[in-house]
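Please look over the chain shown here before reading on. The report describes selected local features of the model.

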Amino acid sequence: MQLEDEIGRFLIDNNLTISTAESCTGGLLSSKLTDVPGSSNYITYNVVTYSNEIKNAVLKVTEYTLENFGAVSPECAREMVQGLKELTGSDICVATTGIAGPGGGTVQKPVGLCYAAVFYKDKINIEKILLDSDIPRKQMKELFANSALMLVKKVLHL
């Protein structure tokens, strides 16, 4: 059984909702969740907030966070899920922010770095994901999205 199927079954069985805010995964996480038949029963809102301006305008990620920590940071991931929770009221909120490459990375924030955050039951869990920078972009996005789903599974104790 795929992760998204397992999560979907849990959401339906427990009458819970989920929303996503994605940057580095570019909608792939949303796509995986909506691939599950019946997903319209639990998906509330999915948004791709690729630019800092949209992270700020839609999710209320502060300019302070973006300027001082950057979009690829645990601080930004935290504010993304907090903003998503305020926007949607979903039971579970998931955010991804990272660098899928190729290029664009630094020594401090290399290509292959992603932060996934899950807001559930008034608690935020953030996971740092660090993949090999040589992984092709499309595969990198797939691995980031799967890592976010694994975090959801872990938070839900599935």
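The sections below go through a helix, a strand and its partners, the core, and several loop positions in this predicted model.

## Helix α1

Helix α1 spans residues 3-13, and its buried residues are Leu-3, Glu-4, Ile-7, Gly-8, Phe-10 and Leu-11. These residues lie on the same side of α1, because they cover an arc of only 165° around the axis.

The elements against which the buried residues of α1 pack are β1 (18-22), α2 (28-34), β3 (92-98) and α6 (137-155). After α1 comes Asn-15, which has a positive phi near 50°.

Strand β1 is largely enclosed by the rest of the structure, because five of its five residues are buried. Ile-18, Thr-20 and Glu-22 point one way from the strand, while Ser-19 and Ala-21 point the other way; all are buried.

How many bridges join β1 to β2? There are five, and the two strands run parallel. Within this pairing, Thr-20 is opposite Asn-46 of β2. The chain passes from β1 to β2 by way of α2, forming a right-handed β-α-β crossover.

β1 also pairs with β3, again in the parallel sense and over five bridges.

## The nonpolar core

In soluble globular proteins, nonpolar side chains tend to be buried together. Here the largest nonpolar core contains 51 residues. The residues with the most contacts inside this core are Leu-11, Ile-18, Ile-92, Val-94 and Val-118.

Two of these names have already come up: Leu-11 is among the buried residues of α1, and Ile-18 is one of the buried residues of β1. Leaving aside residues up to four places away in sequence, Ile-18 touches Leu-11, Leu-33, Tyr-42, Ile-43, Thr-44, Tyr-45, Ser-90, Ile-92 and Val-94.

## Ser-39, between α2 and β2

Ser-39 sits in the loop that links α2 to β2 (43-48). Is Ser-39 buried or exposed? Its relative accessibility is 9%, so Ser-39 counts as buried.

The side chain of Ser-39 reaches the backbone oxygen of Thr-34 at 3.5 Å. Apart from residues up to four places away in sequence, Ser-39 touches Leu-33 and Thr-34.

## Backbone geometry outside the helices and strands

Which peptide bond is cis, with omega near -5°? The bond from Gly-101 to Pro-102 has this geometry. Pro-102 belongs to the loop between β3 and β4 (113-120).

Asp-122 is a residue other than glycine with a positive phi, near 60°. Asp-122 lies in the loop between β4 and β5 (123-130), and its relative accessibility of 72% means that Asp-122 counts as exposed. His-157 likewise has a positive phi near 60° and is not a glycine. His-157 is located in the segment after α6. With a relative accessible area of 71%, His-157 is exposed.

Notes: Residues numbered from 1 in each chain as written. Predicted model: local features only at pLDDT ≥ 70, side-chain atom pairs only at ≥ 80, totals over all residues. Heavy atoms only, no water. Buried < 20%, exposed > 50% of the residue type's maximum accessible area, 1.4 Å probe, protein only. Helix = DSSP H or I, 4+ residues; strand = E, 2+ residues; numbered from the N terminus. Arc of directions from axis to C-beta. Contact = heavy atoms within 4.5 Å. Polar contact = N/O pair within 3.5 Å; in protein donor to acceptor, adjacent residues only side chain to side chain. Pairing = 2+ DSSP bridges. Right-handed = clockwise from strand over helix to strand, strands pointing away. Core = buried A, V, L, I, M, F, W, Y, C linked by side-chain atoms within 4.5 Å.
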